[in-house]
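Here is a short briefing on a ligand and the pockets of a protein. Look at the model first, then read on.

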Amino acid sequence: MAKEPIPTPVTRLYVEGDFTAGLSVLLDAERAHYLRSVLRLKPGEAISLFNGSAGEWCGEITSLAKSAAAVTLTKRNRAPAAEPDLWLCFAPVKRARIDFIAEKAAELGVSRLVPVMTRYTQMSRVNTDRLAANAMEAAEQCERLTVPEVAEPVAFDRLLADWDSERQLILGDETGAGPPIAEALSALSADRLAVLVGPEGGFAPDELDALHGKAFVTPVSLGPRVLRADTAALAALACVQAWSGDWRHGRPDFRAGLKRG
Ligand code: SAM
């Protein structure tokens, strides 16, 4: 039996700016290349442009050259909507895994990615541009309306010294010194949250002492096994979203009318 073709959702691109019906939005050579040579789209085809303040707009590709492309907006398909204020602070790990963290954190609704240089962090440099590109691509794919911000790497001591105590920091403590994450989250009422996970070598003892001494830190256990840093980051984010975040609400089916023919 012939396989039913999988309906291809309309391409979504994150583009900053104010949108109005009839506006022609110019896209740069990189975006034009992506539409033309990667997705093999043609003028006349539908596309969506979105950003956090304009919401998501339907549009039509009106020109598609090597050096640039133009999209004429037709109507707003989704109004801007509040998205989680959830940070992921993480000790940078090796390339493939850190790209994975950026992509998955974007899908999990993180608003800001903060690379933290801890004592045992192996990486000395972080390519934040590459992380931002991974996060943006994931945001376009997962149908969110914003793209996570990627902060410049910060030293562990500086992170703590500058921390806004109104934001509760959920610490993945691999030593088991914290309660199970579900128990800790059920006792938490803060709506500005962050998750912090350490590097391959874990946190140094004095780092854990410094963290446990802060009222804005909630240490948690992520179960009896030692998780890799990327696994721990995503597991903690999933728990936070399920328990305190936007996984408590359904998923609006706002794409019904937007399948490419
Ligand atoms: N020292 C161990 C190691 O080298 O494998 C643990 C480090 S672990 C790979 C990296 C980070 O993931 C830890 O610093 C912690 O933030 C988090 N993590 C891993 N397993 C965890 C657990 N069972 N409970 C809480 N956090 C955990």
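The ligand takes up the space of the second largest pocket. A pocket is an open set of points on a 1 Å grid over the protein atoms alone, where a 1.4 Å probe fits and protein lies on both sides within 12 Å along at least five of seven lines. A molecule sits in a pocket if more than half of its atoms lie within 2 Å of its grid points. This is a predicted model: local features need pLDDT of at least 70, side-chain atom pairs need 80 or more, and totals for chains, interfaces and linings use all residues. Residues are numbered from 1 along each chain as its sequence is written, and side-chain values use heavy atoms, without hydrogens and water.

**Around the ligand**

**Polar contacts (N or O pairs within 3.5 Å)**
- The side chain of Glu174 has an N or O atom 2.9 Å from a ligand oxygen.
- A polar backbone atom of Gly198 is 3.0 Å from an oxygen atom of the ligand.
- A nitrogen atom of the ligand lies 2.8 Å from a backbone N or O atom of Leu222.

**The second largest pocket**
- Its volume, the space filled by probe spheres set on the points, is about 370 Å³.
- It is lined by 23 residues (an atom within 4 Å of a point).
- Glu174, Val226, Leu227, Arg228 and Ala232 are the closest to its centre.

**The largest pocket**
- The largest pocket has a volume of about 800 Å³.
- Its lining has 32 residues, with Glu83, Pro84, Gln241, Asp246 and Trp247 nearest its centre.

How values were computed: A polar contact is a pair of N or O atoms within 3.5 Å; within protein, one must be able to donate a hydrogen and the other to accept it, and residues adjacent in sequence count only if both atoms are side-chain atoms.
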